[in-house]
Amino acid sequence: MESSKLKREKDSQISDELNELRMESSELKKAKDSPISDESYRRSSFPDEVLERVISLLNSHRDRSSVSLVCKDWYNMERWSRTHVFIGNCYSVSPEIVARRFPKIRSVTLKGKPRFSDFNLVPQNWGADVHAWLVVFAAKYPFLEELRLKRMTISDASLEFLASSFPNFKALSLLSCDGFSTNGLAAIATHCKNLTELDIQENDIDDKGGGWLSCFPESFTSLEVLNFANVTSDINFDALERLIGRCKSMRVLKVNRSVSLEQLQRLLANAPQLTELGTGSFSQELTPRQYEDLESVFNNCKNIHTLSGLWEVKGLYLPALYPVSTHLTFLNLSYAVLQSDELAKLLVHCPQLKRLWVLDTVEDKGLEAVGSNCPLLEELRVFPADPFDEEIVYGVTEAGFVAVSYGCPRLHYVLYFCRQMTNAGVATVVRNCPDFTHFRLCIMTPGQPDYLTNEPMDEAFGAVVKTCRKLQRLSVSGYLTDLTFEYIGRYAKNLETLSVAFAGSSDWGMQCVLAGCPKLRKLEIRDCPFGNAALLSGLEKYESMRSLWMSACNVTMNGCRLLAREMPRLNVEVMKEEGSDDDGRADKVYVYRSIAGRRRDAPSSVLTL
């Protein structure tokens, strides 16, 4: 309670000071435009100490960017005071430009490949190699402490270079990256003496065994976050147990499925202070005594608020989790094949839950239990257990979705994979939960209409954008005509990211979106009838966006060349299929703004126009 109060007071202080800065900037502008601008400007300027203090309180990248545009003094103060930089596209800027702009960076978040690389739509050797960035960082930021990469390529040699180049390095996070092996992790463990975080999630790793955990020196005690949940091999458990025993400040531990329940019990006995836990396999045959020990150790973990893992879970052992469930705010069951009754029994003990990820094996009955037991829920993600089996008999429908919306009025983020949906169901959901900021609905059969009326799903998404005025991200699916995109362009004024697949009737649909969504930053389109007219309608829009992706559409090479010629500050890249006609259809088009110019590492399969 006290920490929450202090946070509100701090946020209020920051807001008040930022408002004062904005008011002052307005006065400065007026003064500069007046006949006595120089004298007024000198009288109105903040002392450097005051300005530095206020800017240091700003954590939002957008607020900092706004502040830097006020005047030259504010630009310089923000430039010298910034310690963290977020780069949403590694080709939108060069490392040299970043280093010139921000001399004191200690933390970098860097994203690489387009999101569709997750669906194998981007060539393996497309690019986004981090090494050139590391070389510049080593020269300009030897004090670098944190590096967080997403969809980047990082080799073992790069990890070794990282480990040896930054003596104060503390945190490494790799999400959906590739190019490295567990040998690279061994280099990090061996050389990063001050490491507090090693977070390895959903990467394409060349797994050469679990011996890398034994590379942490016996004197090493600083680790606070360790996540290797998606490393596939067996690990050196004795080394892991000793590491957990030494690191008394460990608060996040997520292990892989090779860790048994008995081993998990031993780890938890050494780390009762954990706040986030990812279990290993939850299916070992336990004796009554072993089960009692497991239940006892969970009962001693008073601080856990996030729980994940539970591979191969057996419902028989779920009651062992009840002691920690009372305080859970995030329950990730996306690897746990649970049935509806098993989920229902668990959720009875989770009254504080705000985020829930589940597989569709829980079916509508399981989602009804969510609506009945989780009144504080804000985020729901329902993933398909087997998205490629068309004969599957289980899954979720609009009934489960509606049930959640009735019981969870605070719901504002949803990712929902289903096999059927209705316009009325979606309309009911958004009527019950009008504050959606993220609405991602995936009807897994492409082009499927409302299964009860056989009508297009236009009115469903029309209801979403008309009702949810805070909507920032939208993914649409099902049988959709241009009417859906007319609705989006007319009503989705805060939309930042739109993902579209197998939808639309003509170029008009995409034109409506580009003309009507002023805050659009990312537009992702695949398998739609949009062509050159649609592509070229965004000439004035693309420079204010982060990126455009179009694949399997009706765009041609000539249309892409015209876009590149008209907008020279954009990078227009075409990924060609082997044997395709250079003057024919553009198979995959990736458009993004860049102040670094054309990239120099594109493979032969990528044409930069």
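How many helices and strands are there in the protein chain? With the whole of this predicted model in view, the protein chain shows 22 helices and 23 strands. Of its 609 residues, 53% are buried, and among contacts with a separation of 6 or more, 69% join residues 24 or more positions apart.

**First stop: a pair of helices, α11 and α12**

Select residues 261-270, which form helix α11, together with residues 288-299, which form helix α12; the two pack at an angle of about 35°, with their axes 9 Å apart. Their crossing is left-handed. To display the contact itself, show the side chains of L261, E262, L264, Q265, L268 and A269 on α11, and then those of Q290, D293, L294, V297 and F298 on α12. Coloured by class, this contact of α11 with α12 has 7 nonpolar, 2 polar and 2 charged residues.

**Second stop: another pair, α14 and α15**

Move on to helix α14 (residues 340-347) and helix α15 (residues 363-373), whose axes come within 8 Å and cross at roughly 10°. Because of that angle, which falls under the 35 degrees used as the cut-off, α14 counts as roughly parallel to α15. The crossing in which α14 passes α15 is right-handed. On the α14 side the contact is made by S340, L343, A344 and L347, while α15 contributes K365, G366, A369, V370 and N373. By class, the contact of α14 with α15 has 5 nonpolar, 3 polar and 1 charged residues.

Next select L226, F439, L474 and I488, which touch the most other members of the largest nonpolar core, a set of 177 residues. Centre the view on F439 and look for its neighbours: leaving aside residues up to four places away in sequence, F439 touches F401, V414, V426, V429, V430, F461, V464, L471, R473, L474 and S475.

Which residues of helix α20 are buried? Within residues 507-516, the buried ones are G509, M510, C512, V513, L514 and G516.

**Last stop: P568**

Finish at P568, in the loop between α22 (557-566) and β21 (570-575). Is P568 buried or exposed? P568 counts as exposed, because its relative accessibility is 68%. Then select R593, which lies 25 residues from P568 along the chain, and check the separation of their C-alpha atoms, which is 9.5 Å.

Note on methods
Residues are numbered from 1 along each chain as its sequence is written. This is a predicted model: local features need pLDDT of at least 70, side-chain atom pairs count only at pLDDT 80 or more; totals for chains, interfaces and linings use all residues. Side-chain values use heavy atoms; hydrogens and water are left out. Axes are lines fitted to C-alpha atoms, for helices over the stretch in contact, and angles run from 0 to 180 degrees between N-to-C directions. Helices (H or I, at least four residues) and strands (E, at least two) are DSSP runs, numbered from the N terminus. Angles under 35 degrees count as roughly parallel, over 145 as roughly antiparallel, 65 to 115 as roughly perpendicular and the rest as oblique. A crossing is left-handed if the near helix is turned anticlockwise from the far one by less than a right angle, and right-handed if clockwise. Contact means heavy atoms within 4.5 Å. Ala, Val, Leu, Ile, Met, Phe, Trp, Tyr, Cys and Pro count as nonpolar, Asp, Glu, Lys and Arg as charged, and the others, Gly among them, as polar. A nonpolar core is a set of buried Ala, Val, Leu, Ile, Met, Phe, Trp, Tyr and Cys residues joined through side-chain atoms within 4.5 Å. Buried means under 20% relative accessible area, exposed over 50%, partly exposed in between (1.4 Å probe, protein chains only).
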